[in-house]
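Let's take a friendly walk through this structure, starting with how its chains meet and then looking inside one of them. Keep the 3D view open as you read.

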Amino acid sequence: MSTTHAGSHADNYVSYLGNGTTWQSWLLTKDHKRIAILYLISISVFFLLGGIFAAAVRLELLTPQSDLMEAETYNKMFTMHGVVMIFFFLIPSIPATLGNFLIPIMCGAKDLAFPKINLLSWYLYIIGGVLGLYAAVNGGVETGWTFYTPYSSTYSNSAVIATAMGAFVAGFSSILTGLNFIVTIHKMRAPGLTWGRLPLFVWAHYATSLIQLLGTPVIAITLVLMMLERAFRIGFFDPALGGDPVLFQHLFWFYSHPAVYIMILPGMGVVSEIITAFSRKSVFGYKFIAGSSLGIAVIGFFVWGHHMFTSGQSVYASMVFALITQAVAVPSAIKVFNWTATMYKGSVSWDTPMLYALGFIGLFTIGGVTGVTVAMLGVDLHLHDTYFIVAHFHYVMVGGMVLAYLGGLHFWWPKMTGRMYHEIWARVSAVLVFLGFNFTFFPQFILGYMGMPRRYAAYPEEWQVLHIMSTVGASVLGFGFILPGIYLTASLLRGKAAQAPMNPYGAKGLEWTIPSPPPTENFLAMPTVNEEVYAYAETEEKALV
Amino acid sequence: MSEAVAHHTHPEEHVAHQFHDAQQQYDSSTLGMWLFLLTEIMFFGGMFGAYAVYRVWYPEAFKLAASTTNVPLGAFNTVVLIVSSLTMALAVQSAQLGKKNRLVLMLILTMVFGAAFLGVKGIEYTEKWHHHHVPGLNWQWEGEGPREVQILFCLYFAMTGMHAIHMVVGLGIMLWLLINARRGEYTASYYNPVEISGLYWHFVDIVWIFLFPLLYLI
Amino acid sequence: MNKTLPLLPESASNLAADVDLLMILLTVFSIFFTIVIFVAVAVLAVKYHRKSEDEVPPHIHGSLPLEIAWSIGPFLLVLAMLPLSAKIMMNTYTPQPYAMEIFVTGKQWMWKLQHPEGPREINELHVPIGKPLKFTMISEDVLHSFYVPAFRVKKDVLPGRYTNFWVTPTKVGTYHLFCAEYCGTQHSGMIGKVHVMEQSDYEKWLSGGDESMTARGEALFNQYGCVTCHLADGKGRGPALVGVYNSMVKMQTGAIVKADESYLRESIINPRAKIVEKYSSIMPTFQGQISEEGLLQIIAYIKSLEQEGEAQQ
């Protein structure tokens, strides 16, 4: 894109990293890029924590008996794994780090519309996280991340209120981030940056933000009612007090299913950027990928009942939910096909971000088709709440979102830090993550069809082989996740030797027209956009079909 | 979305550094507030949803519970809030016209009505306490269906409580506007904080307009 | 430790064949699209691997026919499978004639199971082969879910309300019974066995058992004094209960209510909720006095009254 080419005199500017080194300059910063780094550090801590809980779960499942830890401890482990990973890692992961860093730059703005509110979001996230940690060290919580009533509100003896409070507060962080993004995307775009020229990353975040705004408050109030029931023994959901436990499930999934799209849509945005950049080619079907993000956000609000096929909900309601669920698979399929088609006649590089993106396409496809499977009423009666479900959503959440997150982190790492990481180690890690992931979760599809229920500390002996495979895979996966932590950190210590150029991949987009790392107000002069998005080619060619 | 004001590096212009001009700042703050209110609608929506479900389940108990509410006080409060909305609208208009003294007066009136609402609400809560109609803390019900009636009281306190918290936040915003207004921060060319705070205030009033009939009348 | 790697669970119900067929169709569908994507990604990534740094690929906007094809195509395939999927679901909801009733009470962390003629069982269920089973289930505390993988069906067990499903065992054997909805510390210990037996074996097993469910229900009916008001001839202070099950009862309010299990349960624990026409609201509540299991036994007894009444006609 034609803008001011600040990179040519890149030495004469103060980067956002160099603009103050005191604690206050970080903890009270209103710079979206610094806030993104704060988020990056804090969600990495939570990812590590959630990973440790996951390791405990997988180790316990090596043997059929619950011998490594007591059933109660095991229940706490999988609950805290779920709570930490969902509320404190997956939901903020891409939006709060990459989104925070890139949305204003991609819009050609100096910052988000409300920088103070952005900082407030981070503090809310930290307060929520501290509440979650407080609960973890004060007896932990063992209700499952779904907090189903009346178990959570009446029977559990663990730190339910502190954990739910943590999720509640972190929810407001998510809402405020979404609000900030929508206003920025609507009102802060540079001259010439029309809606049709917005990067797909921005489109995906726009759709995500809509869900955050409309869905999150519903779970917030639901958790409030649950906490009130628990604290004061008053009736909302407990049948012993006149309430309806299924109502809790409706309210919970009204948010928590769209929340799945909060967790995957930003990943789709990242993959769209990576595929086009590393194919050096405009994305295939730009309008369809952008539109499908909105389609997912809208249809995603009407499918929550597919979590409740066995709950006693009306059979006709279930059928409608099943049908709509199949419909929400369509926009996801559109994206997968378009990404694949983008590589056609491209100039495809196999750099690390691309490896992660290709891995995403494969694993997300498996997550998607198994999603179609579990949404089929008849088989869901069998598969619901088994390891098939566990495998399915890990394919989407880890195979999808975490791979996209790592891909995006590698892609924009040079921009964010101004340092190049070690490419060979990065490729090794990408391959290890892909293989380890499949070893961990593929056996769980079979376990699920065999009938292994989820959240079981002990299980019948005949399933041990599959569980061992899964645990072995998980150790490879864990190793694959630790590697980036090492070589990315190392890249920061290598100093000028690893200095990243302005545009190491020859990619298009406003963020590649400014120095790495960017100056405090992003652009040295106000950018103007006067070419189409992803304008890699000089020649135009019609598609095969 | 106090961002716009809190940020003034150039007090005379009131344009925060991330914006190109006052118009962009104005548009952004207004859109931000509307989006925030959308979130609020969903927040209250969850409770209205629960209300709808239990109303269908326990229609008799709800009628019974509603009959114990103090309709005159509720109606009085409704009027108080509607009048406060009017004074709020006049405050916004005063700010637009740059009439500082009238703005201060209207803000004070709005706060007086808001405080009056909370005071009356306090009287109602006290009444409920004396009648042992506070589930979980002070609950006793001699009549039909204690469990079912209790659900409505739970919803009553959850919904009016959440609304009251929003009123308290609203009063805080009014106080902050009042302080700034007395300092003459707001002019005919810069009145956006008053305007978007007005949006919030009207929203909170509208929630009450729905709560009053649902909890008191039907 | 079992050395074999099992891939399919046993199929032991009328639903299993349909579920397995649907699963096979879905798996074929899944594998087909997974292979299409994996192969396409691999081929394109290799074939168009960057050869030189100055390559400039052509610009390709997209293709409307392709977009339509790959959004509608897979969707139609999926839609084609929905009817079978709905049929399985409906089967579990459709009352079967001559079904044997199984009453299930879930509590932390055990299953209490009983059928009208059979003895009480805990974490074990003995049923004859080939006879439709109607499950009526309730929980004494939190949510549970009754899951028999070999039957390919599960259904949540809720506190405060009955849930039902129908299934017919088709193969003799012993199968896992799981709780599939997380219910607390010993969730993974809330397991049991379902024994599907030949009719003759089943009868032999029955004769060895203790008091039947209806007998226990009758004992409770006398113990709690129900019998003093609910006289069989209809002259008592409460309505006669002979033949009441599944009949249409007229209320004081004029409403007509079907006297199913949920109605009977509500009438015991919250008698004031619905008052039968011509009777007054004098029955005390039994909430908290009779366990869920006891309620089911009383209901089984009331239902047996119907059967006797019919036999007399």
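In this predicted model, the contact between chain A and chain C draws on 104 residues of chain A and 86 residues of chain C. How much area is buried between chain A and chain C? About 8,400 Å², with carbon and sulfur atoms giving 69% of it. Phe337(A), Leu381(A) and Tyr449(A) together supply 8% of the area that chain A buries against chain C, more than any other three residues.

Polar links are part of this contact as well. Between chain A and chain C there are 27 residue pairs in polar contact, with both residues at pLDDT 80 or more. Helix α10 of chain A (residues 315–342) gives the largest share of the side of chain A that touches chain C, namely 15 residues. Sorted by class, that side of chain A has 58 nonpolar, 30 polar and 16 charged residues. The count of salt bridges between chain A and chain C is 2. You can find Asp244(A) and Arg161(C) meeting in a salt bridge, at 2.5 Å from N to O.

**Chain A with chain B**

Now turn to the other partner of chain A. Here the contact takes 44 residues from chain A and 37 residues from chain B. The area buried between them is about 3,500 Å², and carbon and sulfur atoms give 72% of that. Phe114(A), Lys187(A) and Ile221(A) supply 15% of what chain A buries against chain B, more than any other three residues.

How many salt bridges cross the interface of chain A and chain B? The rule finds 0. Four helices of chain A, α4 (115–137), α6 (160–187), α7 (200–232) and α8 (245–279), each supply at least two residues of the side that touches chain B. The largest share, 10 residues, comes from α7(A). By class, this side of chain A has 32 nonpolar, 4 polar and 8 charged residues.

**Salt bridges**

Over all chains, the structure holds 24 salt bridges. Here are some you can look up.

| Residue pair | N to O distance |
|---|---|
| Asp244(A) and Arg161(C) | 2.5 Å |
| Asp31(A) and Lys33(A) | 3.1 Å |
| Arg120(C) and Glu293(C) | 2.8 Å |
| Glu292(C) and Arg265(C) | 2.7 Å |

Start with the pair Arg120(C) and Glu293(C), whose side chains meet in a salt bridge. Arg120(C) lies in the loop between β3 (110–114) and β4 (121–122) of chain C, and Glu293(C) in helix α7 of chain C (residues 292–312), so the pair ties together parts that are 173 residues apart in sequence. Is Glu293(C) buried or exposed? Glu293(C) is buried, with a relative accessible area of 11%, whereas Arg120(C), at 35% relative accessibility, counts as partly exposed.

Next comes Glu292(C), which forms a salt bridge with Arg265(C). Glu292(C) lies in helix α7 of chain C and Arg265(C) in helix α6 of chain C (residues 261–269), so this pair ties together parts that are 27 residues apart in sequence. Both Glu292(C) and Arg265(C) are buried. The two partners Asp31(A) and Lys33(A) are buried too. Chain C also has a network of salt bridges that links Glu101(C), Lys134(C), Glu261(C) and Lys303(C).

**Strands inside chain C**

Where do the strands of chain C sit? In strand β7 of chain C (residues 144–148), 5 of the 5 residues are buried, so β7(C) is largely enclosed by the rest of the structure. From β7(C), His144(C), Phe146(C) and Val148(C) point one way, while Ser145(C) and Tyr147(C) point the other way.

Strand β7(C) pairs with strand β8 of chain C (residues 153–157) in the antiparallel sense, over 5 bridges. One bridge partner to look for is Val157(C) in β8(C), which pairs with His144(C). The hairpin of β7(C) and β8(C) has 4 residues between the strands, and there Arg152(C) takes a positive phi near 60°. Strand β10 of chain C (residues 173–179) also runs antiparallel to β7(C), joined by 2 bridges, with Phe146(C) standing opposite Cys179(C).

Finally, strand β9 of chain C (residues 163–167) is mostly covered, with 4 of its 5 residues buried. Strand β6 of chain C (residues 133–139) runs antiparallel to β9(C), and 5 bridges join the two. Lys134(C), part of the salt-bridge network above, stands opposite Trp166(C) in β9(C).

Technical notes:
Residues numbered from 1 in each chain as written. Chains lettered and ligands numbered in written order. Predicted model: local features only at pLDDT ≥ 70, side-chain atom pairs only at ≥ 80, totals over all residues. Heavy atoms only, no water. Contact = heavy atoms within 4.5 Å. Buried area = accessible area lost by both parts, 1.4 Å probe. Salt bridge = Lys/Arg side-chain N within 4 Å of Asp/Glu carboxyl O. Nonpolar A, V, L, I, M, F, W, Y, C, P; charged D, E, K, R; others polar. Buried < 20%, exposed > 50% of the residue type's maximum accessible area, 1.4 Å probe, protein only. Pairing = 2+ DSSP bridges. Polar contact = N/O pair within 3.5 Å; in protein donor to acceptor, adjacent residues only side chain to side chain.
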